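Please read the following report alongside the sequence and the model. It begins with a single side chain and then turns to wider features.

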Amino acid sequence: MVHLLLHSGVRIDDMRAAAFKRPFLSLPECGGLLLPVCPARERSEIRVVSEGERVRRFEPLARDAENRPLCYAPAAGVVGRCVTKEIPGRGKMICVRLTPSGGEQAVRPLSRPSREEATPQKILRAAELLCLNDETDGEPLAEKLERYGRNGIDTLICDALCDDPFMADGLCTLTEMTGEVCDGLRLAARACGCSRVVIAVFRAQAAGIRTVRRLRKSLDGCELLNFNGRYPVWPALKKLHRFAGKKLGRIGAQACLQLSRAVRLGRPAERCVVTVSGDGVQKPQNLSVLIGTPVSEVLAHTALSEEDNIVAVAVHGTFAGHAVTDPETPVLADTRCILAMTRRAGRRKSGCIGCGRCNEVCGENVFVSEASRAVKRGRLEEALLYGAARCIGCRACDVVCPGGVNPSEQVLGALPPKAEGAFFPKQKAYERNGENHD
């Protein structure tokens, strides 16, 4: 695949429009689900449902030392044994096997407040108890909304941008479940005390002009921003004149959907929208997938080009995604896409050649080459002067680097957690996503 370097971003082949041409489908339950509960190092601090026990839909499968739920059953079934699995992006996790039994019986949901009774406290409590996460950055939704409230944001933006050329999950969620997404966005704004809500879509023509016009009529008072640009789009969007001097917050379209269902129906996340694409897929498609479904099961329901030629599979995105080597790797609530590739991406590493492409492509104006060198030498204060703290982990610099250096990993991964307020470790990149860094 050809990567074209553009001064303000990265552009590669676009597969979003092709995914929208196919009907949106809901995959049925598979023979076995794998549900991550907690990091392996915390195994002694949790209580898991016993092996062989039957559980109902939405019943907690594990609780922590304070009796708070950690994981819910997305379907009724029989609990299997716990296993330790390497989950992409999360490390070694304790996982529970669940064999769906096809029953529709569900546990009693949480109390469901009316529109007037949905106070900020009740919204935050529902997001916390039902373990909701924002798919755009993986941050727990309750923590994000509380932080936005403390920071006093002016505008909350629903991110349906999908600027990654292989992902269309956000726009698909918005077009298929518009009312619930808008309701969840307003609930999130109420929880953090924000008065203005905006839904941002990127190159919405992928869904068709008629679809965009229909969206404008059904957003129930939410402002629609049709934004065009090159990956990564978010830094450029924050610089728009209409947001000058404003404090922005960011929430994913699927997070809005799940928040609406959590507050209105008392239900945890059970499914997620996933875009299946890549050069190994004949017909890219958007699918609703039960959480815990193995990646191999999802690919089995798609039209692969030639199954024997699929040599690489990745989840979570083109640029910031993770390679999958275990076919049992589960689809999680923040899994936005599955890529099936007929050839393994790889480049010969030759080290930094000083071309400056990483600096040109950075949407946050980080002096990437010098910041990564400073971090490599252990000069953290110097890296801060080059703008390392502004890095949002989009990895556009990794894509365009001809030397295979992966400068974003050096900036994000090598920074110690104790440098609070200036630097953040790789897994805490979400703490800076969605906010202005002026």
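## Asp 64 and its surroundings

In this predicted model, a polar atom of the Asp 64 side chain lies 3.0 Å from the backbone nitrogen of Glu 66. Asp 64 sits in the loop between strand 7 (60-63) and strand 8 (69-72). Its relative accessible area is 12%, under the 20% that sets the limit for buried residues, so Asp 64 counts as buried.

Leaving aside residues up to four places away in sequence, Asp 64 touches Glu 45, Ile 46, Arg 47 and Leu 70. One of these, Arg 47, stands opposite Arg 63 in strand 7.

## The sheet around strand 7

Strand 5 and strand 7 run antiparallel and are joined by 2 bridges.

## Residues with positive phi

Most residues other than glycine have a negative phi. Phe 58 has a positive value, with phi near 70°. Phe 58 is found in the loop between strand 6 (54-55) and strand 7, and it is buried, at 9% relative accessibility.

Cys 131, also not a glycine, has a positive phi of about 55°. Cys 131 is placed in the loop between helix 2 (120-129) and helix 3 (141-151). Its relative accessibility is 29%, so Cys 131 counts as partly exposed.

## Asp 334

Asp 334 belongs to the loop between strand 18 (322-324) and strand 19 (337-341). With a relative accessible area of 16%, Asp 334 is buried. Not counting residues up to four places away in sequence, the residues that Asp 334 touches are Arg 90, Glu 135, Gly 138 and His 316.

## Helix 4

How many of the 8 residues of helix 4 (residues 169-176) are buried? The count is 7, so helix 4 is largely enclosed by the rest of the structure. The buried residues are Asp 169, Gly 170, Leu 171, Cys 172, Thr 173, Leu 174 and Thr 175.

## The protein as a whole

The protein has 14 helices and 19 strands. Of its 438 residues, 54% are buried. The protein exposes about 20,000 Å², and carbon and sulfur atoms supply 47% of that area.

Among contacts between residues at least 6 apart in sequence, 71% join residues at least 24 apart.

## Confidence

The mean pLDDT of the protein is 83, and 84% of the residues reach 70 or more. Over residues 1-7 the pLDDT stays under 50, and the model has 18 contacts beyond four places in sequence for this stretch. Residues 417-438 also have pLDDT below 50; beyond near neighbours in sequence, the model gives this stretch 55 contacts.

Where pLDDT is low, predicted coordinates should not be read in detail.

Terms used: Residues are numbered from 1 along each chain as its sequence is written. This is a predicted model: local features need pLDDT of at least 70, side-chain atom pairs count only at pLDDT 80 or more; totals for chains, interfaces and linings use all residues. Side-chain values use heavy atoms; hydrogens and water are left out. Helices (H or I, at least four residues) and strands (E, at least two) are DSSP runs, numbered from the N terminus. Buried means under 20% relative accessible area, exposed over 50%, partly exposed in between (1.4 Å probe, protein chains only). A polar contact is a pair of N or O atoms within 3.5 Å; within protein, one must be able to donate a hydrogen and the other to accept it, and residues adjacent in sequence count only if both atoms are side-chain atoms. Contact means heavy atoms within 4.5 Å. Accessible areas come from the Shrake-Rupley method with a 1.4 Å probe; for residues, only the protein chains shown count as cover. Two strands pair if DSSP finds at least two bridges between them. pLDDT is the predictor's confidence in each residue, from 0 to 100.
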